[in-house]
Structures are given as structure tokens and as C-alpha cells.
Amino acid sequence: MFSYVARRVVYAIPIILSVALVCFLLVHITPGDPLVAVLPADASQELAQQLRVAYGFDKPLPVQFGLWVWRALHGDLGSSIATGRPVLAEVLNAVRNTVMLAVFAAAIGFTLGLFFGLIAGYFRDTWVDKVATSIAIAGVSVPHYWLGMVLVIIFSVQLNWLPAVGAGSGGSAAWAWDWEHMKYLILPAVTTSVIPMGIVTRTVRALTGDILSQDFVEALRAKGLQEFKVFRHVIKNAAPTALAVMGLQLGYMLGGSILIETVFSWPGSGLLLNSAIFQRDLPLLQGTILVLALFFVFLNLLVDIAQASIDPRIKRA
Amino acid sequence: MTVITDTALQAAPVTKARGYWATVGRRISRDKVSMACAVILLLILLAAIFAPYLGLADPYQGSMIRRLRAIGTPNYPLGTDELGRDMLARLIYGGRLSLLIGILPVILAFIIGTSLGLVAGYVGGKLNTAIMRTIDVFYAFPSVLLAIAISGALGAGIVNSIVSLTIVFVPQITRVAESVTTGVRNMDYVEAARASGADTFTIMRVHMLGNVLGSIFVYATGLISVSMILAAGLSFLGLGTKPPEPEWGLMLNTLRTAIYVNPWVAALPGVMIFAVSICFNLLSDGMRSAMDIRN
């Protein structure tokens, strides 16, 4: 087991470096001067040159990349051009809110997805299956940002039950785990949960169907095992794959939150990315993408290791 | 002594062996859901193409005095948008750009990804490692993040949004193509073709392509649904189409301010995205089960 974990970790290192390279290059394929956001239109050549040196934009690209990675390893992702604050602090602050949203959405989406998937797979080709499958396909096909709008229309505009945008008065800094604040989380979390719900349902349904059609299930039933105990075997066999899919979905929710956070003005990493893009705040853009991608790589690593440790069929040697 | 008479022979049912694709075609044409989806998609596509001949209002012509009319207003069956433009016309015209930026990236990625995957899978060795490890890097990004990062870096615009979505889908299609190709490569009939002196190109064209394209095609059809949502999503964020072009994602964005005035008109463009996306998903599911002949 240890050598398996070690190998996975070693394998992640080139991936992490490549991810850093992609994040770095992204900013350098950007058309226009990276200083355009800070420089006044009538800035003198000298001022532009000074700033270029200050931000390190005057050095050759490989040197810039090396320096950037070196600083990143020391926890320094530069400072935001727009606000002047350190990028890492801004990103981590925002990521905290996104994690909160993603965990809530995962709780909703995974619970429903597992439930629908299991009953759909178990009662295959009955009306239960048809209803669950339809919900799942609607979940994966709905443009979630539009669903967010529709939920706002129903629950905020028409019924006036839940707030439409934001994270409560005082923003994210004044967050507390009470109803006053939690109600801001409900609509974004429900909206975020539909895609994972659909995907988990579809995965678990297929898994359950496959497992139930295997010979060992026949054997279990033949020896007179109670049906709910047969079901326990099904769950045990489906768990590793289901877990891997859920881990990946959690990663997608963390990294792909920009649309929903924009709809709900939820102060997370997606909203930060949005403002970094439109203010052309390149250090912030670079830093946010890097942190989110590293989160995703790390989560994938965890999922791989978790899957290998609970599934004896995966070779760990 | 029994003699099979001519009449008995003629009475025997004529069973002509049907080819694989003919069987698949027959199976899918019997699937009501898939056919319904195909018809809906065809209608939306045809309406978008022939929009100028449908006698619709001008989708660009606004009016300050008839802004945000409700659904069902005489002359404006689906109401008007925030600038007083006819929603029905804009939704139908909107199909042109929305379908283009949603479907084209998948077609481009299908071509590029299939080529890369075929080569990687068939040639194997170092080339395979080089292609597949590069692909792995893109898998380290959640697809929405990657699409938005590239679009955000390149700047807003239709071409940039198509480029960024193509980059997002190429790795996914390449991975599928590579694994299918690797599977087919080790089949006996490929070995037989090689033994009988067929060159690499012929084997690729005749034996590999024919046997891998089906699976990749079905996979790509499923991706169109994601692509439609993402493409409209980029426009929704302001990274795709620019006003005043009618495009569903952008319309959804500009109508967001209207949800307190006329909420259901504001939600209409999303219905179109949803409809197209769900139809492609169901169609892809239908094709997958039609191609799985063993059942």
C-alpha cells in the first residue's frame, strides 16, 4: 500500500509542474500589455518601464516562470494588480466560501444521487427506474446558471422566502452558522447539486444493474440470503467506483463554480475569477486558476488512494 | 423420400442478413424518445437556418415604448426583451449562433481528438506516451475552469470561445479514441490484415477507423450537451458573443436585470438551451443502446 501511495504522489509531481506551466502560459497568451489594468492611459514610458521591472515582466519567459514557481513554493503568488493585496490570501479566503458551497451541494446531490441510482438500478425497467432516470437526465442537461435564475425567480422574486444574492450583510467576513446566514446558501447549493445528482444517479444505476446481473448475486439468493443482505453486497461492490465518481464531482464543483457564483454573487473563488478576468488582473487570474487546479489534482490523488485502499481488486503493487 | 418443392422454397421467409449499421439504424428508428429528440433538434436547426423566411420580426429592432412585454401580448407571442425586441424572433435567430458555438467545438474536437487517439493507440510506444501524458495535463483542470481560463485569457469573442471549448474537449475525445483503438488493434482481423501485407494507412482507414468511429461518435454526441451549456455559459459571463447579437446565453445575461419585472420572459432563453441539451443527451443514450446489439 505504501509503495502505491508513494508512486501516485511521485506521479503527481510532473502533473503539478505542468499545471503550473499551463497557468503561467495562459496569462502570457493574453493579448495586450499585462500592465494595461494599472497604467493610466497617459503614463510615461519611464513609469511603464518601472512597473514592468517591479512586476518582473521585463525578464525572459523561462526566467519569469522559474521565479514564479519558486515564489509560489514559498507561498507567494504575487499581489493583485487591482487591489494590491496578496493573491494567496485573497484566493484562500474565496476558496473557503466555495468549499462551503461545494460541501453543502455535495451533501444534497450525492444523497439524492445515491438514492435515485440505487432504486433505479434495483427496480430496473419499472416506473421507479423511469422517473429516477428522467430526473437524472434533466439534472445533467439543465444549464445550471439558468436553473439558478429560475430558483431566484420562484423563491426570491415571487415567494420572497429566500435571499437572491450575496452571503448576508457584512459579506463573507461576517459569516455565521445561523439561519440568517445559512439561508443565503440554500439556493446556490441546490443549484450546484443538480449536475452531481444526475451523474451519481446514472453511475450508480448502471453499477447496480451490472452487479445484480452477476452470477454471485444469483448464488447469494439461491442460498436463501435475505434480500436486504443481498443489497448490502451490491452496495459493497458499487462503493469504490461510486466513490471515485463522487470525488471527481466534488472537484468539478470546487473548480467550476464560476457560473453559479456569478448568478448568486456568492463570494467564492468563481466570483473572484470572474472579477480577475474582467479587471484583467493577471496575477490574481493566474493565482486563482493555479490554486483551484492544484485542489483538483490533490483531490484526484486522494480519490485514487481511497479507491485503492477500499477495493482489493485494484492492484496496489 | 422428401423432395423440397419449389413452392415450399418460395414460401420460406426471405431473411437477408442485415449489416451492423443497418441494424443499428433500424433499432434507433424504433426508439420513440430518440426519434422525438431528433425531430425537435431538426426543427430548431431548420428554424434557425431559415429564420429570415419565417416572417418574423426584426430581432435587432428595439423600441423603448414596448420593453419587457409579457408572454402572450398580441403581436409578441413570447413578449419582448429589455430593449423591446421581439423575443420569438430573437429565440429563433438565437439558434444560429448558439448552435454554432455549441456544436462546432465538438466537431473540431472530434476530428482532432480522433486523429490523435488513433495515432496514439495504433502506433503505441513513445508517441503514445507523449500524446497521452500531454492529455493528462488537461485532465488536471475541471473542464469549466479550463474553458473559462482559456476564454478569459484570450478575451471575449465567438472565435475565442470556440477555440477554448475545442481545447477542453480534445483531451476527452482523444482518451476515448485511444482506448478504443488500443482495444481494436489487438484484434485478430487487424493481425490478419497486417499478415496479408496491408500497409499501416490501409489498416488505419479500413480496419481501425470503421471499428472505432462509432463509439467515439456516440461519446461526442453526448459532449454536445455539455458544450451547449458551456458555450452559452461563456456568453452568459460575457466571454462569448457580444451584444446585440441574439444568442441564448447572452440573452439570459442581459435579461437577468428583468427578473423583477417580467421573470418568465427572462427565463425563456434558458428553456432553449435546456431543450437542445437534453435532446442531445437522450439521442446519445439512444444511440449507445442501439449500438449495443448484444442486448
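Predicted model: local features only at pLDDT ≥ 70, side-chain atom pairs only at ≥ 80, totals over all residues.
Residues are numbered from 1 along each chain as its sequence is written, and chains are lettered from A, with ligands numbered from 1, in the order in which they are written.

To stay with A:Asp125, its phi is near 65°, a positive value in a residue other than glycine, and A:Asp125 is found in the loop between α4 and α5 of chain A. Helices here are DSSP runs of H or I with at least four residues, strands are runs of E with at least two, and both are numbered from the N terminus. A second residue of this kind is A:Ser265, whose phi is near 45°, again positive in a residue other than glycine, and which lies in the loop between α10 (258-264) and α11 (269-278) of chain A. A:Ser265 counts as partly exposed, because it has 15 C-beta neighbours inside 10 Å.

Turning to chain A as a whole, there are 12 helices and zero strands, and the C-alpha trace spans about 85 × 60 × 35 Å along its principal axes. Of its 317 residues, 37% count as buried.

Helix α5 of chain A, residues 127-141, has 15 residues and reaches 21 Å from its first C-alpha to its last, close to the 21 Å expected at 1.5 Å a residue, the expected span being 1.5 Å times one less than the number of residues. The buried residues in α5(A) are A:Ala132, A:Ala136, A:Gly139, A:Val140 and A:Ser141, and what covers them includes α4 (87-122) and α7 (179-212) of chain A together with α9 and α11 of chain B.

That brings me to the contact between the chains, which takes 33 residues from chain B and 38 residues from chain A; two residues are in contact if their C-beta atoms, placed from the backbone, lie within 7 Å. On the side of chain B that touches chain A, the largest share, nine residues, comes from α11(B).

The largest nonpolar core has 147 residues, and among the members that touch the most others are A:Ile289, A:Ala293 and B:Ile173; such a core is a set of buried Ala, Val, Leu, Ile, Met, Phe, Trp, Tyr and Cys residues joined through C-beta atoms within 7 Å. The largest share of this core, 17 residues, comes from α9(B). Leaving aside residues up to four places away in sequence, B:Ile173 touches B:Ala109, B:Phe110, B:Gly113, B:Thr114, B:Gly117, B:Ile216, B:Tyr219 and B:Ala220.

One further backbone detail in chain B is the peptide bond from B:Pro243 to B:Pro244, which is cis, with omega near 5°, and B:Pro244 has its place in the loop between α9 and α10 (248-254) of chain B.

Finally, on confidence, the model scores ipTM 0.87 and pTM 0.87. The mean pLDDT of chain B is 86, and 94% of its residues reach 70 or more, pLDDT being the predictor's confidence in each residue, from 0 to 100.

How values were computed: Buried ≥ 20, exposed ≤ 12 C-beta atoms within 10 Å, placed from the backbone.
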